[in-house]
Structures are given as structure tokens and as C-alpha cells.
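This briefing walks through selected features of the structure shown below, grouped by topic for reading alongside the coordinates.

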Amino acid sequence: MKTFAIRGRCAATPPPQSWREELARMLGARPRRIGTWAELGLYGALTCMAEAGEQALPPDAQIWLGSERGTYAATATVMAQMQDDLPMPLAFLQTQPSQLLALLAAQLGWNGHACFVAGTEPQALLRLAAAQCGAGGLLLGWVDEMQGGATNWLRLLPGGEVAGEGVALAADQLFAPGHTHVRIDGMSLRAFPSGAAILGEQGAR
Amino acid sequence: MKPVHLCGSGLACALGLDMKLALETLRQGGVAPSQITLPGMLGGSFPYRAIADSQKDWNERARQLVQRVAAEAGAQQAHNGVLFIATSSFDIGAVEQGGAQMDYRAFADKVATWLGWTGPVYAISTACTSSLNALIAAHALLAAGEEEEALVLGVELDNRMTPGGFAALQLLTRSDSKPFGAQRDGLVLGEAVAALRLSAREPSPWKLLGGANVVDGSQPTGASVAAVANMYRRALAASGLTAEQIDLIKVQAAGSPGNDAAEAQGLRDAFDTVPPLVSLKAAMGHTMGASGAAEIALLTACLEHDEWPRQEREIDAQLHVSLAAAAPENARRIMATILGFGGSHASVVLERA
Amino acid sequence: MAASAQEKELAQLIVTSLNLEMTADEIEPEAPLYGEGLGLDSIDILELSLAISKTYGVQLKSDDADNNKIFSSLRSLNEHIQQHRPK
């Protein structure tokens with residue numbers, strides 16, 4: 001069982017209309033050689049980090065990324081290219097979900113542990129991440145480009161004083177606003193809503 | 001922290017359909033690679049270390065290989081535990097045949113059904129380091145007491161997309177893989193299905209002490225010297241060992257001009273005296289997401305059965321490293337490293353009683 | 001010297017295949033493609049190599065010792081392609 005304080009959040013299912021412009025603004029330029037899935041991931045992660053007020057991830061933080069369909073579209077593109085020639089190199093690289101982890105590492109000026117978990121549930125992603133999490137916490141994301149797109153991220157720090165048992169949280173609500181702490185116990189999620197029953201930093205003092 | 005034991009392993013690769021056959025092939029000096037033909041001007045014929053199994057239907061072939069390899073690792077004793085599937089290509093080969101949709105969950109469900117798995121199933125995909133990241137994740141769950149049994153299953157089977165992409169990135173050799181070799185000019189890809197069974201309750205001479213993965217975004221397709229050194233330091237710290245205590249390192253050394261050089265330099269930065277090194281890439285090819293599990297399975301079997309894969313003889317003198325011509329005596333503490341796309345650098349530490 | 005029609009065509013291929021935020025006219029025929037200049041890196045060169053092989057039937061290898069010369073500018077790349085183009 002581990003409890004995390006939520007320090008930053010991006011809940012964007014779907015992302016706002018202006019997300020591409022917003023991403024170009026955050027990067028300082030329009031990304032030119034990555035696909036939509038990776039762009040969505042960058043947009044959400046950088047938005048989440050900005051909300052957390054962090055420019056860079058600490059070296060002992062970890063990035064955990066999940067997706068239902070991941071690089072589906074890039075893979076379809078490469079399979080079409082392979083009909084009569086080799087695929088384009090950048091298109092092939094985009095079929096590898098771990099390219100997004102490398103892009104994030106470069107963008108956040110960070111070297112560390114990052115992992116992609118394919119097709120599972122958000123609570124399973126948090127479970128695996130929590131088992132390895134150190135004091136630097138997690139940047140945990142869920143990105144899909146199907147059905148209008150989704151890019152949902154949390155910046156989580158381990159610990160945080162909470163009172164009571166919280167409330168059961170559905171997996172698809174993990175990234176939703178409304179709670180300041182989240183707890184993972186085996187495969188079950190509990191949320192600690194803002195305001196109510198939280199000691200927080202003040203209470204702990 | 002509970003101790004995590006490596007209790008069983010299984011392997012199907014170009015060397016053979018099981019470990020006994022693979023060791024037998026090594027004893028005879030290895031096997032010649034088969035060929036794969038790719039379209040386009042930069043395509044053509046490339047060596048490819050395929051599994052010698054003539055079944056044409058991807059799903060049927062994968063089912064037979066997965067069941068066979070899992071059984072060899074004793075997977076039936078772990079069915080209620082956690083299953084990690086590690087792959088970079090999922091079932092793309094079946095998608096190419098019209099036998100699957102590109103769908104992660106459907107793939108994981110299919111493999112779990114083949115194994116009659118009842119516990120949780122996770123699919124880890126971090127390109128070539130997938131199996132090692134799965135091992136690190138499994139180790140964390142078992143050491144924390146959250147699970148008692150785990151199976152890490154590396155699956156990398158025939159498809160056109162992966163070799164096509166590697167050829168487009170001009171990473172493949174048209175001759176053979178020469179790890180750390182003076183004449184090295186690229187990788188040879190291979191197929192593998194490999195299983196490692198971990199347990200927190202069953203004893204075994206082999207313990208998994210821990211590991212580390214360092215992602216460095218500065219090189220999209222290659223290794224970074226600083227990240228290699230950082231990865232070794234972190235892996236040692238995670239397993240509670242010092243550099244002097246390591247008896248053997250299974251390196252990546254896939255025969256790539258730039259990557260092998262970065263790896264050698266990173267090793268020399270992390271170790272004042274570099275331990276004996278071994279590469280399995282020339283014997284079995286680079287089996288990408290399966291390679292971590294496949295190479296650990298083969299390496300531990302080699303040490304147990306006194307076999308040793310033939311190593312590259314003409315080492316590049318500029319790298320200032322060497323490969324061990326025979327197994328070091330009493331090699332107890334062993335690191336296994338994989339470097340890959342997405343700037344991923346991973347290593348795990350094993351200890352033999 | 002202004003860009004020739006062949007060079008303009010190649011410049012367009014570079015802009016399209018690398019998704020550059022510029023027009024083909026903005027690529028100076030004599031300016032370097034690598035590093036300073038257009039700012040391309042080794043992955044871009046691989047991408048461009050494959051696009052050139054598809055369009056012109058000319059093979060460009062990443063380990064060619066002459067690559068610094070071939071990719072030194074739009075003009076030198078075009079000269080190399082025209083010399084090696086199947087007739």
C-alpha cells in the first residue's frame with residue numbers, strides 16, 4: 001500500500017482544440033518528426049509538469065506511461081510503407097512507444113528510469129510504478145490518440161499525510177480532478193478528496 | 001525485502017527449440033544464420049537468426065513456442081502469480097498475415113490464454129530492454145511481498161516491420177555480427193521466445209538481486225556513454241554490490257560501430273578494472289525485446305553446464321576491452337546488460353550460490 | 001549562383017520528407033545541410049537517404065566516408081545524385 005500526493009495534473013480527454021499550438025509554445029518550436037501519439041504525450045506531460053511548478057524531474061523520479069492502443073497509427077503507416085519498400089526511418093521509430101519516454105527525458109533534461117506498459121489499466125500502471133518508486137516520485141501518464149485523443153498525467157510524490165480511508169476510485173477517474181492524494185493497495189485505488197478529511201502538511205505539523 | 005530467486009528458464013531461439021538443443025548447438029560451434037529478404041533499394045538479403053520451426057501461421061507458431069518455452073521454465077507452478085510479457089513487436093507478424101488486429105490488450109489476452117494464466121498480466125514494451133524492464137518490475141513486486149511468483153516471457157517473433165525498420169536505419173550487417181570486433185559493421189536480428197520464472201518462496205541457486213534502467217533522450221537510436229556508466233552505478237547500488245564484486249558482465253555488444261564503442265567507454269568509466277565480458281549476440285542474434293530474458297536464460301545454462309559461446313577473436317583494439325574466451329572460474333555475481341532504442345540502458349544483477 | 005531547377009526539386013524533397021518549417025526556396029544552394037545551416041542530424045540524414053533512394057534510385061550509405069562532402073550542401077548533394085542516377 002502506498003499513498004501519493006498529487007503535485008501536478010493534466011486531465012485532457014480530449015485535449016483542448018489549441019493543444020498543438022500550446023505544445024509548440026512549450027517546446028519553443030513545432031515538433032517536426034514525431035507522430036500525433038508522441039505529441040499528445042509531450043503536451044500532457046509538459047502541462048502536468050508546469051502545473052506542478054517543476055521545470056525538470058529529479059534524477060530519482062520515474063516516468064511511467066500506459067496506453068490502450070499506443071502507436072497503433074504509426075504501426076499502420078509503417079505496414080503500408082513496407083508494401084513495396086523499406087519504411088521511413090522516423091516512421092519506424094515512431095512505432096516504438098519508448099520513443100516518447102526518450103523525448104520526455106530530453107525535454108525534461110532528465111536521465112532515469114522510465115517504462116511503458118501496454119494495454120493495461122491505469123491502476124495496474126500505478127501499481128507497477130509504486131513498487132519501484134523512490135523519493136523523487138513519479139510522472140505517470142496515459143496517452144491514446146484514438147477517439148479524439150487523450151493525454152492524462154499526474155506528478156506524484158510518495159507519502160503525504162491523509163486521514164481516514166478515503167473513497168474508492170474507479171480506474172478511469174485516477175487522473176480526474178477532485179482529489180489531492182491517491183492510494184494504491186494491490187489493484188485497488190482510493191482517493192482523498194480535496195478539503196475533506198485531509199491533514200495535509202499543516203495537519204502533520 | 002524478500003529474496004527473489006530465478007527458479008526456472010526456457011528458451012527457443014536460432015540455436016534450438018529448447019535449452020538442451022541450444023547448448024548442443026553451441027558445443028558444435030553454433031549455427032549458420034538464415035536469410036531474410038527486404039524490399040527496396042536499401043533492402044535485399046540480410047542474415048537473420050530465425051527459430052527453425054516451419055509452421056507458417058504466426059499465431060499457431062507463437063502458441064506452440066510460448067507453451068513449450070513456458071513449460072520448460074516450469075510456468076505451471078506460477079499460474080496464479082504475475083505474468084510479464086516483454087516485446088517490441090507484439091503480434092505484428094500475425095497482423096501482417098491478417099491474423100490479428102494491432103491491439104495490445106488482445107495480444108496479452110491471447111498469450112495469457114495460451115498459458116492458462118489466472119494471475120495478473122502486464123505487457124512491457126521498451127524496445128530492446130523490454131525483458132530487463134519486466135524483470136526489474138517483477139523483482140520489485142516479489143521483493144515487496146506483493147506477489148510470490150512471476151514469469152517473465154520475452155517474445156520476439158518473425159515479422160517484416162522490425163527488420164525493415166532496422167534496415168531503413170542502416171543498422172544491419174550483410175555479413176555477421178562481430179561484437180566489439182575490429183571489422184564490425186552492424187547487427188544481425190534474431191527471433192526468440194524466452195521465459196524466466198521468479199519466486200519469492202521456492203529456493204534456487206540463482207538469486208536476482210536487482211537492476212536499473214536509465215533512459216537518456218540524447219540519442220534516439222543509440223547508447224550514450226554517460227548513461228551506460230550511470231546505469232551500471234545504479235544497478236550496483238540497487239543490488240547492494242560494489243564494482244569489485246562483479247565476476248562477469250554479459251554485455252550488449254551487438255556489433256554496431258557506434259554503439260559498441262559507447263558501451264565499451266561506459267564500461268571503462270563505471271569499472272576501474274573491467275570484469276570479464278561475454279556477448280551472446282553472435283550466437284543468437286539480437287532478439288530485441290526478448291533479448292534480456294533469452295540471454296540470461298542461455299548464460300545461466302552455459303555456466304551450469306560448462307558451455308561457452310565462441311567469442312569474437314579480432315577485437316577492436318581502440319575499445320580497450322576484451323571478451324572472455326572461456327567461462328571465468330567461480331563466476332558468482334553476474335550482470336546482464338541490454339542497450340536499446342529510445343535511449344534505454346538496462347542491467348540486472350544475478351548471484352549464484 | 002541561384003538554385004537550378006534540379007536543385008529546387010531536391011530542396012522540395014528535403015522540406016517535405018523532413019517536415020521542415022520553411023519553403024524549398026529558403027534552402028541556400030551552398031549552405032551546409034548538417035549542423036549549422038539547416039541543422040539536420042544523423043537521423044534526418046537517414047530519413048533523407050531513404051527518400052532519395054525512393055525518388056531517384058540512388059543509394060546513400062550512412063557509413064560512406066564521403067558523406068561529409070556529399071551532404072555538405074544542396075548543390076553537392078544534387079551533383080552526387082545526378083552523377084549516380086540510373087540513366
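Predicted model: local features only at pLDDT ≥ 70, side-chain atom pairs only at ≥ 80, totals over all residues.

Helices and strands are named here as DSSP runs, a helix (H or I) having at least four residues and a strand (E) at least two, and they are numbered from the N terminus. With that numbering, helix 6 of chain B is followed by Gln170(B), whose phi is positive, near 55°.

**Domains of chain B**

- Chain B is divided into domain 1, which covers 4-199, and domain 2, which covers 206-352, and the C-alpha centres of these two domains of chain B lie 19 Å apart.
- Where the two domains of chain B meet, 63 residues of domain 1 are in contact with 54 residues of domain 2.
- On the domain 1 side of that contact in chain B, the elements that give two or more residues are strand 1 (4-13), helix 1 (19-27), helix 5 (130-143), strand 6 (149-156), strand 7 and strand 8 (192-199) of chain B.
- Sorted by class, this side of domain 1 of chain B, where it touches domain 2 of chain B, has 32 nonpolar, 23 polar and eight charged residues.

- Strand 2 of chain B runs antiparallel to strand 3 (residues 44-49) of chain B, to which five bridges join it, and within strand 3 of chain B, Gly44(B) stands opposite Leu38(B).
- Helix 6 of chain B is mostly covered, with eight of its eight residues buried; among them are Met161(B), Pro163(B), Phe166(B) and Ala168(B).

**Strand 5 of chain B**

- From strand 5 (residues 121-124) of chain B, Val121(B) and Ala123(B) point one way while Tyr122(B) and Ile124(B) point the other way, and all are buried.
- In general, the side chains of a regular strand alternate between the two faces of the sheet.
- Within chain B, strand 5 runs parallel to strand 4 (residues 82-86) and is joined to it by four bridges, with Ala123(B) in strand 5 of chain B as the bridge partner of Ile85(B).

- Helix 10 (residues 291-305) of chain B has 15 residues and reaches 21 Å from its first C-alpha to its last, close to the 21 Å expected at 1.5 Å a residue.
- Helix 10 of chain B is mostly covered, as twelve of its 15 residues are buried, including Ser291(B), Glu295(B), Thr300(B) and Cys302(B).
- After helix 10 of chain B comes Asp306(B), whose phi is positive, near 60°.
- Ala226(B) has its place in helix 7 (residues 225-239) of chain B, and Ala226(B) counts as partly exposed because it has 17 C-beta neighbours inside 10 Å.
- The C-alpha atoms of Ala226(B) and Ala138(B) are separated by 26 Å, and these two residues are 88 residues apart along the chain.

**Contacts between chains**

- The contact between chain A and chain B takes 41 residues from chain A and 47 residues from chain B.
- Helix 3 (72-81), helix 4 (89-94), helix 5 (98-107), strand 3 (111-112), strand 4 and helix 6 (122-132) of chain A each supply at least two residues of the side of chain A that touches chain B, and helix 5 of chain A gives the most, with seven residues.
- By class, the side of chain A that touches chain B has 25 nonpolar, twelve polar and four charged residues.
- The contact between chain C and chain A takes nine residues from chain C and eight residues from chain A, and the side of chain C that touches chain A has five nonpolar, one polar and three charged residues.

Note on methods. Residues numbered from 1 in each chain as written. Chains lettered and ligands numbered in written order. Contact = placed C-beta atoms within 7 Å. Nonpolar A, V, L, I, M, F, W, Y, C, P; charged D, E, K, R; others polar. Expected span 1.5 Å × (residues − 1). Buried ≥ 20, exposed ≤ 12 C-beta atoms within 10 Å, placed from the backbone. Pairing = 2+ DSSP bridges. Domains from an automatic or database assignment.
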